[in-house]
Amino acid sequence: MPSPQPPRAVFAMDPVHLPLLFPPPLMTRLSEAAGLDPALVVQDFTDPVAADALARADVLITGWGCPRLDAGVLSAAPRLRTVLHAAGSVRSLVGDAVWERGITVSSAVTGNALPVAEYTLAMILLCGKEAFEHRERFRVTHAYPPPPETAAMGNVGRRVGVIGASRVGRRLLELLRPFDFTVLLHDPYVSPAEAAALGAELLSLDDLLRHSDIVSLHAPDIPDTYRMLDRARLGLIRDGGVLINTSRGALVDPDALTDEVVSGRLRAVLDVTEPEPLPAGSPLYRLPNVFLTPHIAGSLGNELERLGRIVVEELERVVAGVGLEHEVRYADMARVA
């Protein structure tokens, strides 16, 4: 009896990401699991070469830069059964037609959550030491701070509020366990018992804001979370408190946040903003109490290989006929990033 033919796979992403996602050992594993052309990376599904490959594709390996998979694209891909996304959220990638046709979707979002959680942990520890403000001051004064200026510094007993038990939020909760923090959590889908198992006390959003020294955002960007931290809620954070946002800028009222940090009442660590990037004249670029980074918390550089490895393992599961470990389900789309 002849062996079944391996599935035909096609890359669809910005080709600049391909060598970092799939270095030679991973590309070899992909080639062994499926028929594919490593030199063909689709960015435009209307291109004749791309259209021919799409017509024969059973599996689409997508990443940043892949066009949205709408009904028009799917009509040109009659054999397509599986989408393996070598990045995080599939919200902007997958149209309703994908779910209506029963195509299986997998995402490497779990792998992308790890560097975001690591970045956030680093920021929490540095904020507890007031490292950013003291660095700015030291550059000017060249003098060590006197004891009265360091009396409130330190991470012992610091109250850290985590908004959202997402994949990033849960990984951050794990990373926080070895430290002497009091950890608070807000998530409407988590019970008090589950929060306790995660190492946190479950609170309402308003109570978390009132009782946290450092607030870290890890909720999805969905209609229910738009501007969830508005002017009134930002006002609940104690004077001198810190807001860390590695989620999406849309979760925070940008004008209200600007007012809070310009006044000096709050500090902020912002890897994401709205708009993104901020206009050149924004005061957030020059404030000593704002640490602003250009959306670097997620997977970059050598961290992309972790995402590629997840995709390779998922493709090997497809070939073996077993269930995907990182499947994205339509029922979850309303409340995930």
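Two strands count as paired if DSSP finds at least two bridges between them. Strands (E, at least two residues) and helices (H or I, at least four) are DSSP runs, numbered from the N terminus. This is a predicted model, in which local features need pLDDT of at least 70, side-chain atom pairs count only at pLDDT 80 or more, and totals for chains, interfaces and linings use all residues. Residues are numbered from 1 along each chain as its sequence is written, and side-chain values use heavy atoms, with hydrogens and water left out.

Select residues 159-163, strand E6. Four of its five residues are buried (under 20% relative accessible area, with over 50% being exposed and partly exposed in between; 1.4 Å probe, protein chains only), so E6 is largely enclosed by the rest of the structure.

E6 and E7 run parallel, joined by five bridges. Ile 163 has His 186 of E7 as its bridge partner. To follow the chain from E6 to E7, show helix H9 (residues 167-176); this β-α-β crossover is right-handed, that is, with the strands pointing away from the viewer, the path from the first strand over the helix to the second runs clockwise.

Next select residues 214-217, strand E9, which pairs with E6 in the parallel sense over four bridges. Here Val 162 is partnered with Ser 216.

Ser 216 also stands opposite Ile 244 in E10. Select that strand, residues 242-245: Val 242 and Ile 244 on one side, and Leu 243 and Asn 245 on the other, are all buried.

End with strand E11, residues 267-270, which is parallel to E10 over four bridges. Ile 244 faces Val 269 there. The chain passes from E10 to E11 through helix H13 (residues 254-262) in a right-handed β-α-β crossover.
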